[in-house]
Structure formats: C-alpha cells, structure tokens
Amino acid sequence: MASLKSPPQSSSLLSSSSSRSYNSTHHHNNLSFNDTRHRTCALNTVKCDMMSSEPLKEVDNVKKPLVPIIDQTTLPKFLQTARMEKRVKRDSARLKLFSGSANPALAQEIAWYMGLPLGKINTKRFADGEIYVQLEESVRGCDVFLIQPTCPPANENLMELLVMVDACRRASAKNITLVIPYFGYARADRKTQGRESIAAKLTANIITKAGADRVLACDLHSGQSMGYFDIPVDHVYCNPVILDYLASKKICSNDLVVVSPDVGGVARARSFAKKLSDAPLAIVDKRRQAHNVAEVMNLIGDVKGKVAVMVDDMIDTAGTIAKGAELLHQEGAREVYACCTHAVFSPPAIERLSSGLFQEVIVTNTIPVSEKISFPQLTVLSVANLLGETIWRVYDDSSTPSRGHSPSLPHELSRPNPPPHSLPHCPHAVSRSSSLPSHSPRLHCPATRLASTASVSQSVTRLH
C-alpha cells in the first residue's frame with residue numbers, strides 16, 4: 001500500500017505552465033488545460049505492488065514507469081482472489097456429516113471413505129414415542145450432510161430426518177443437504193385412480209418446508225419425483241456398483257440377457273443392458289390386480305439357454321420378480337439373477353427369494369439388511385464409495401455423475417487423508433469376509449472407488 005500524502009499546491013507551477021485552448025465539438029465553452037497537468041492522489045487508493053518494485057525507465061528524456069505484462073502466473077496481490085488461495089489450501093472443516101438411526105453402518109462407511117469423522121448427535125425417543133435430536137457440536141456456517149434413508153419404519157425415519165433438519169437450521173448451518181439413499185413414498189408419484197393422494201409430492205413439500213437446501217437420492221422409483229422438489233435434487237444411479245460385480249463373475253457376454261420385470265422398468269433395463277456388453281433385452285408383461293399382487297402374462301424376447309439378469313429399482317414383497325423368474329425358467333433360461341438397488345424385503349419376500357428360483361440375489365446397502373432376513377443366495381454391495389464421492393462433488397460445487405456413470409474427481413490432492421487415530425476400523429472393508437456365518441448376507445465392499453465397467457482399472461484406492 002502506498003503512503004497517502006497531500007499533493008503540493010504550487011501557484012508558480014500553475015502560472016508558469018503554458019496553456020492551450022480548443023473549441024468543443026459539442027458547442028461547449030472554450031476550455032483551457034495545462035500541458036503539465038498535476039496528478040492528484042485520491043484518498044483510500046491502492047497502489048500496485050508490482051509497479052513500486054520496478055525502476056523508472058527513461059524514454060525521450062522523460063522517466064516513465066515500466067509496466068509489466070500480467071499473465072496467469074504473475075498477478076499483484078490485490079488482484080489475487082480468495083478462490084485461488086482456496087484451491088491450493090482446501091479446508092474440509094466446514095463439511096459436517098451426521099447420521100440418523102436408520103442406517104448408521106452405511107453412514108460410517110461413507111465417513112471412512114471421505115476421511116472424515118461422523119458428527120456427534122444425540123437422538124432419543126421419549127416414552128410416548130416423540131423424537132428428540134440435539135447436535136453435540138457446532139455447525140454454524142458449515143455445509144451439513146444428513147444421511148438418513150426413509151426405509152421401514154418409514155414414518156419414524158422420515159420424522160427423525162425432519163427433526164434433524166430443524167436442529168441444523170436453528171444451529172445456523174450454512175447449507176443442509178439430505179442424503180437419502182432410499183426415498184420412501186416414491187411409489188406414490190401419480191394418481192392411478194380417483195380420490196388418491198400423491199404422497200411423493202407431499203413428502204417433498206414437507207422436506208422443503210423443514211429447511212433443507214438440497215436432496216441427494218439414489219435410484220428414485222421414477223425420475224418425475226425430482227420435479228416434486230422446489231430445491232435442487234441430485235439423482236445418483238447405483239448401476240455401476242452392480243455392473244462392477246457382474247463383470248467380476250466373468251459370464252460370457254453371448255449368454256447374457258437383461259430382463260425387465262415389468263413394462264415400466266424398460267428404460268432402466270435398457271440402460272443396464274447397454275453397459276453390460278450391450279446385452280439383449282427381454283420384457284416380462286404383467287398385469288397388477290391389486291397392490292403387492294402381480295400376475296405375469298407373457299414374455300417378450302428370447303431367454304432360452306441364457307443367463308437372465310432381472311433388473312429393478314427395489315424388491316418389496318418379491319411377487320413381481322418371483323413370478324417373472326418362474327416364467328423365465330419355463331421359457332428355458334439356464335440361470336436367473338435378481339438385481340436391485342433397494343432391498344425393502346417385506347414379508348413374504350424372503351420365502352420367495354430363497355425358494356431356489358434365483359442363482360443369486362444382488363442388492364445394495366441403501367437399506368440395512370440384517371442377518372434375520374438374510375438367506376444364502378443374498379449378496380449385498382456397498383454404495384458408500386459412490387455416495388461419498390458424490391458428497392465431495394456437491395461440496396466442491398462440481399458436476400455430479402450422469403446416468404449410469406460413477407463420479408470421478410481429477411484433483412486427488414483436494415481430498416484429506418483419513419486420520420488413523422480418529423476413525424474407527426471399517427467393519428466392511430473386506431470383500432466376502434470368511435468370518436461371516438454361512439447364513440449371513442455376503443457383503444461385497446470393493447476397496448476401489450465404484451466406477452463403471454469401462455473404468456474399473458482406473459479406479460483409485462480409497463479404503464485402507
């Protein structure tokens with residue numbers, strides 16, 4: 001900064017200087033200016049530090065300052081923005097992760113992947129069932145991410161999430177992002193009969209009014225549910241997780257056929273088949289007579305002698321996918337695999353899935369799967385890496401992955417290293433642990449970032 005000095009007032013200099021006059025083109029009065037006009041220094045000005053360091057250069061017996069050429073690597077200090085300094089010195093102290101009581105295991109895996117500890121939160125229920133939430137650390141001015149699926153019991157988990165949002169808002173959090181791996185009430189997205197409610201829109205309104213700034217959800221039942229929110233929604237597709245696992249099984253591409261269990265899931269199955277070695281597509285045509293009751297009519301496509309992979313967004317009572325598997329076996333399918341993102345598993349799903357119709361049932365851990373509802377054919381894949389990388393992208397104001405592609409961040413130096421003394425050991429870091437009992441679900445949590453099959457070899461190790 002240059003020192004501020006008052007300009008000298010010299011009348012002799014003004015009187016001795018020669019003046020000239022000219023006629024204005026705008027018909028103004030004649031104005032006279034001095035040839036050697038004195039430059040006055042205004043108050044509260046900033047002097048360029050680069051100009052002061054350069055000597056004066058004499059040109060035509062007149063000393064003029066040497067003006068340097070400013071490029072991208074040479075900038076004066078007062079032109080350097082805070083964004084440039086932040087890109088070099090990234091601080092994750094303003095990012096806070098909190099978990100509800102619905103799926104704490106998934107939240108812990110996400111925190112382990114990101115190298116951050118979970119925030120301390122006190123959640124309890126009173127004797128009459130009311131929910132109490134208190135944040136045990138400051139979130140003032142922080143970007144808060146609340147991890148809570150609205151899985152069964154849906155009403156309890158949804159209300160807990162709303163109370164957590166209110167607690168963060170009243171604690172002066174800067175931004176509140178809801179990470180909802182499974183969005184309940186998503187199936188009630190339209191009116192199929194008269195005098196029905198659209199519960200998906202109602203739930204979106206409640207979340208928005210509670211004070212949430214953004215929602216991050218996995219595999220919504222229909223894409224139109226994103227339009228129900230008046231806040232930004234990041235829709236994360238979990239297909240890369242299942243695609244990576246199927247690629248590791250080394251099934252011949254000529255023997256594969258992707259099957260949609262209903263007409264509504266054709267777009268999802270077509271996208272899945274395109275990334276699975278561009279496998280052929282088959283469709284199971286069914287007519288639903290009532291809720292949770294499905295009747296299979298016929299099959300569109302050829303599955304004889306092939307390995308059929310049935311793809312759906314969720315398995316509730318498994319009526320649709322079980323009847324579809326029966327039809328596939330009748331049509332000559334050699335093996336049938338069931339793949340879905342959300343394992344709701346309402347009774348009698350376990351009996352239907354473990355009846356021998358499926359070679360393997362592949363799901364993700366967006367909804368916690370306990371040992372009580374497990375069976376030998378069940379394999380659980382972790383989406384912690386996928387969600388963790390997406391959270392980083394939202395925090396960095398970067399673009400989120402498109403449909404069917406996993407996120408990849410080019411700047412690896414922007415990620416903090418996980419502190420070994422502050423984070424507990426990840427219990428699911430080992431793939432298909434042999435210590436699990438034979439009846440427990442096989443948990444497949446790869447140590448690499450979950451990416452599409454085309455970039456498996458380029459994945460970056462996250463879990464240690």
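## Basis

The model is predicted: local features need pLDDT of at least 70, side-chain atom pairs count only at pLDDT 80 or more, and totals for chains, interfaces and linings use all residues. Residues are numbered from 1 along each chain as its sequence is written, and side-chain values use heavy atoms, with hydrogens and water left out.

Helices (H or I, at least four residues) and strands (E, at least two) are DSSP runs, numbered from the N terminus.

## Helix 5 against helix 6

Helix 5 spans residues 154–170 and helix 6 spans residues 199–210. They pack at an angle of about 20°, with axes 9 Å apart. Helix 5 is therefore roughly parallel to helix 6. Axes are lines fitted to C-alpha atoms, for helices over the stretch in contact, and angles run from 0 to 180 degrees between N-to-C directions. Angles under 35 degrees count as roughly parallel, over 145 as roughly antiparallel, 65 to 115 as roughly perpendicular and the rest as oblique.

Helix 5 contributes L158, L162, V165 and R169 to the contact. Helix 6 contributes T203, I206, I207 and A210. Contact means heavy atoms within 4.5 Å. The residues of this contact divide into 6 nonpolar, 1 polar and 1 charged. Here Ala, Val, Leu, Ile, Met, Phe, Trp, Tyr, Cys and Pro count as nonpolar, Asp, Glu, Lys and Arg as charged, and the others, Gly among them, as polar.

## Salt bridges

The whole structure holds 11 salt bridges. Each is a side-chain nitrogen of Lys or Arg within 4 Å of a carboxyl oxygen of Asp or Glu. One of them joins D166 and R169, at 2.8 Å from N to O. These two residues are 3 apart in helix 5, so about one helical turn separates them. D166 is partly exposed at 24% relative accessible area. R169 is partly exposed too, at 40%. Buried means under 20% relative accessible area, exposed over 50%, partly exposed in between (1.4 Å probe, protein chains only).

D316 pairs with R187 at 2.9 Å, N to O. D316 sits in the loop between strand 15 (307–315) and helix 9 (319–330), and R187 in the loop between strand 9 (175–180) and helix 6, so the bridge ties together parts that are 129 residues apart in sequence. D316 is buried at 13% relative accessibility, whereas R187 is partly exposed at 41%.

R268 bridges to D312, with the closest N and O atoms 3.5 Å apart. R268 lies in helix 8 (residues 266–275) and D312 in strand 15, so this pair ties together parts that are 44 residues apart in sequence. Both R268 and D312 are buried. Shared partners also join R125, E156 and E160 into one salt-bridge network.

I131 lies in strand 7 (residues 131–135). I131 is buried, at 17% relative accessible area. Leaving aside neighbours within four places in sequence, I131 contacts T123, K124, R125, E156, M159, E160 and V163.

## Helix 11

Helix 11 (residues 384–395) has 12 residues. From first C-alpha to last, helix 11 reaches 16 Å, close to the 16 Å expected at 1.5 Å a residue. The expected span is 1.5 Å times one less than the number of residues.

Helix 11 is mostly covered, with 12 of its 12 residues buried. Among them are N385, E389, W392 and R393. Just after helix 11, D397 takes a positive phi of about 60°.
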